Amino acid sequence: MFRLLNLELQKLLLNKASKILIFISFVLPFFIILLSSLKINVFGFFTLELGELGVFNFPIIWHLTTFFASQFKFFFAIVVVSMIGNEYSNKTIKQNLIDGLSKKEFILSKFYTIVFFSLVSTVLISLISFSIGLYYSSYNEASIIFRETEFLLAYFVKLVGFFSLCLYLGMLVKRSAFALGFLFVLYIAEWIIYGLIAWQSDMRIAEKIQNFFPLKSMYKLIEQPFQRVAMSKFPNKADLVYDYGVHWYEIAIVLGWTALFVFLSYRLLKKRDL
């Protein structure tokens, strides 16, 4: 495993564009989170400090930071599809196989890289959330601090699932731009299918089916936190109540898609004439 991971990391770190995108994908979300924790003077009229609003209290901070950080996953998605596109354009995939790397090991090297960067991102987001929470949170009891840390697991699974989808699309079309375009097509297709099901049957049934779609199931892992923040400010508003928790079956669905995308990537490579 470490041999394959080291091989892939060397390729990425030797590529200037990949290094820049990896840097952006890691730094930008944390910069945004850190910036939001500062006091911002709005044209001299008033000072905005989100920490004073309670959004950085434990345990809600785990929900808030993982949701926002996951919105920047597109930058590393470019790296993932570029890994495949560069292999075909530079003919390195054929050379790797000639040098003794099996097709299974080739796909695993990509998957291990995805898991590695997803894990690093999860560790970083957990450290920055913990630090900001300790500074701003009104609660310091361990039982409250570490409550809802399952959002970190959901964040990790979400990244691995999404990047595995990018891996499959990269293998399918061999070109970075087309692979990213397929992501948009898939997103549109999921909503069209949802609309057709809702039109033919019932919206509740359509929503339940939609939750099994790849992109939607990944999004469902970490629901938007805005409504939850509003709930904390207006506890008597019953219409604001919604299920924002992380559920085991949602994680299982995304893990199922992840396994399928990795398997399909391997099958494509195995059948393809290089």
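I began with terms. A nonpolar core is a set of buried Ala, Val, Leu, Ile, Met, Phe, Trp, Tyr and Cys residues joined through side-chain atoms within 4.5 Å. Buried means under 20% relative accessible area, exposed over 50%, and partly exposed in between (1.4 Å probe, protein chains only).

The model is predicted, so I noted that local features need pLDDT of at least 70, side-chain atom pairs count only at pLDDT 80 or more, and totals for chains, interfaces and linings use all residues. Residues are numbered from 1 along each chain as its sequence is written, and side-chain values use heavy atoms, without hydrogens or water.

**Core.** I looked up the largest nonpolar core and found 67 residues. V80, F162, F163, M171 and L183 have the most contacts inside it. Helix α8 (residues 150-173) gives the largest share of this core, 15 residues. Helices (H or I, at least four residues) are DSSP runs, numbered from the N terminus. I then checked L183. Leaving out residues up to four places away in sequence, L183 touches F162, L165, C166, L169 and L215; contact means heavy atoms within 4.5 Å.

**α4 and α6.** Helix α4 (residues 73-89) and helix α6 (residues 103-136) pack at about 160 degrees, with axes 12 Å apart. Axes are lines fitted to C-alpha atoms, for helices over the stretch in contact, and angles run from 0 to 180 degrees between N-to-C directions. That makes α4 roughly antiparallel to α6 (over 145 degrees; under 35 is roughly parallel, 65 to 115 roughly perpendicular, the rest oblique). I listed the contact: F76, V80, M83, I84 and E87 of α4 meet F106, K110, T113, I114 and F117 of α6. I sorted the residues of this contact into seven nonpolar, one polar and two charged. Here Ala, Val, Leu, Ile, Met, Phe, Trp, Tyr, Cys and Pro count as nonpolar, Asp, Glu, Lys and Arg as charged, and the others, Gly among them, as polar.

**α8 and α13.** I found these two packed at about 25 degrees, axes 9 Å apart. α8 and α13 are therefore roughly parallel to each other. Their contact includes V157, G161 and M171 of α8 and V254, L255 and F261 of α13. Its residues divide into 16 nonpolar, four polar and no charged.

**V254.** Is V254 buried or exposed? V254 is buried, at 0% relative accessible area. V254 lies in helix α13 (residues 248-271). V254 and G161 are 93 residues apart in sequence, yet 6.0 Å apart in space, C-alpha to C-alpha. Again leaving out residues up to four places away in sequence, V254 touches V157, G161, S217, M218 and L221.
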